[in-house]
Amino acid sequence: MANPSLLILAGDGIGPEVMAEVKKIITWMGDKRGLPFDVTEDLVGGAAYDAHGTPLTDATLAKAQEVDAVLLGAVGGPKYDVLDFSVKPERGLLRLRKEMDLFSNLRPAQCFDALADFSSLKRDVVAGLDIMIVRELTSGVYFGEPRGIFKEGNERVGINTQRYTESEIARVARSAFELARRRNNKVCSMEKANVMESGILWRDVVTEVHQKDYQDVELSHMYADAGAMQLCRWPKQFDVIVTDNLFGDLLSDAAAMLTGSLGMLPSASLGAPMANGRPKAMYEPVHGSAPDIAGQGKANPIACILSFAMALRYSFDLGDEATRVESAVEKVLADGVRTADLLGPEGGSPISTSAMGDAILAALD
Ligand code: NAI
Ligand code: MG
């Protein structure tokens, strides 16, 4: 059988720096675990613009559609601010997500014990927290028509439309239930069925999908505003949360910050199953290209490394290997190894991006 294939798009700014540490782990997987990956690399974002005049070439997109999983670093930077909107680095990323139809965005909020004091919440509220927000990513109010700013009488009116079809809701619900089966078998669906018709449909369809195929998973429903409160009050009551594009944007950002630094947060975006049964998939850290620290060896590679761990789990069914990587990260943090972003106000001596990668490799061994 062919080796699993990965396309690495390191991108701009700290993207290539953090990706270099992931590549060490990919090599380690081949050498030490007998799990070789076929890795191709290509350009995206500003790097692709510099080389080709576009943030994503058709050839790169075609490769992304063929491989088992895409690993992306980050795109963008001040150098590209002057560019026309149509060729901005971010357009490359958006086009990838859209063309690959990555409708299910997985955003974990996981609190490593060693960093629990980093949270704005009390230690026992967040220590050991491990929840997953599944955000619908390709529909809803960010895409619905009509949209625009129109003239109505003698004033302007801004319009956006929250629009969901049954099939759009059903597929993201399935993705959340499947995920729950690999975790703690519990899904909470969030909408505002009390004030939005699209919310009523959301609740109905999630319930129908549950009834039909996932009765073994515990399902609850919550209004999204109440959900926001509960996330701050006692986040450990949740396991998988599934919600729409807009609420998911807000709830996943809020949940992520329960646990500390942007440099720690991975994500996955999944689409429909391919011929080999694996979902189309792209894995990327939540952070951007961090121009303020790029090129200085200061970036924390953990978000990108944990994104690769998600790839192991969700694209390659290598949950044990994913746990191995996550445990190595946990051990290194417990040993007090810190990049600059993980040092509190009291300071300390930070290590470099590559030293963090090496420490994680050593912990893997
Ligand atoms: P950012 O996430 O790049 O940086 C925000 C702050 O967090 C900065 O102070 C940065 O130094 C710090 N930070 C981020 N990642 C870090 C890491 N791994 N280790 C240590 N510190 C880290 O967001 P910002 O500054 O708003 O955007 C910078 C550029 O990145 C812009 O061009 C923006 O469009 C782009 N961007 C790209 C994203 C992507 O590729 N998915 C997402 C967000 C922003
Ligand atoms: Mg956001």
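The points below go through helices, the ligand shell and some individual residues.

1. A word on the model before anything else: this is a predicted structure. Please read each point below with that in mind.

2. Let me start with helix α1, residues 15-33. Its 19 residues reach 26 Å from the first C-alpha to the last, close to the 27 Å expected at 1.5 Å a residue. The buried residues of α1 are Gly-15, Pro-16, Glu-17, Val-18, Met-19, Glu-21, Val-22, Ile-25 and Met-29. What lies over them? The cover for these buried residues includes the strands β1 (5-11), β3 (69-74) and β12 (279-285), together with the helices α10, α11 and α12. After α1 comes Gly-34, with a positive phi near 65 degrees.

3. Helix α10, one of the elements covering α1, is worth a look of its own. It runs over residues 302-314, and its end C-alpha atoms are 18 Å apart; this agrees with the 18 Å that 13 residues should span at 1.5 Å a residue.

4. Next, the pair α11 (residues 319-334) and α12 (residues 353-364). How do these two helices cross? Their axes come within 8 Å and cross at roughly 115 degrees, and the crossing is right-handed. On the α11 side, the residues in contact are Arg-324, Ala-328, Val-329, Lys-331 and Val-332, and they meet Ala-359, Ile-360, Ala-363 and Leu-364 of α12. By class, this contact has seven nonpolar residues, two charged ones and no polar ones.

5. On to ligand 1. Which residues come nearest to it? Of the 22 residues around ligand 1, these are Gly-76, Gly-263, His-287, Gly-288 and Asn-300. The shell as a whole divides into eleven nonpolar, seven polar and four charged residues.

6. Some backbone details deserve a check by eye. Most residues other than glycine have a negative phi, and most peptide bonds are trans. Against that background, Asn-185 has a positive phi near 60 degrees; this residue sits in the loop between α6 (166-182) and β8 (186-191). Asn-185 counts as partly exposed because 15 other C-beta atoms lie within 10 Å. Ala-290 also has a positive phi, about 45 degrees, although it is not a glycine. Ala-290 is in the loop between β12 and α10, and it counts as buried because it has 23 C-beta neighbours inside 10 Å, where 20 or more are needed. Finally, the peptide bond joining Glu-145 and Pro-146 is cis, with omega about 0 degrees; Pro-146 belongs to strand β6.

7. Asp-42 is in strand β2 (residues 38-42) and is partly exposed, with 19 C-beta neighbours inside 10 Å. Its contacts, leaving out residues up to four places away in sequence, are Leu-7, Leu-9, Thr-60 and Lys-63. Asp-42 and Met-29 are 13 residues apart in sequence, and their C-alpha atoms are 21 Å apart in space. Phe-143 is found in the loop between β5 (130-136) and β6 (144-152). With 15 other C-beta atoms within 10 Å, Phe-143 is partly exposed. Phe-143 and Thr-161 are 18 residues apart in sequence, with 7.6 Å between their C-alpha atoms.

Methods: Residues numbered from 1 in each chain as written. Chains lettered and ligands numbered in written order. Predicted model: local features only at pLDDT ≥ 70, side-chain atom pairs only at ≥ 80, totals over all residues. Helix = DSSP H or I, 4+ residues; strand = E, 2+ residues; numbered from the N terminus. Expected span 1.5 Å × (residues − 1). Axes fitted to C-alpha atoms, helices over the stretch in contact; angles between N-to-C directions. Left-handed = near helix turned anticlockwise from the far one by under 90°. Contact = placed C-beta atoms within 7 Å. Nonpolar A, V, L, I, M, F, W, Y, C, P; charged D, E, K, R; others polar. Near = placed C-beta within 6 Å. Buried ≥ 20, exposed ≤ 12 C-beta atoms within 10 Å, placed from the backbone.
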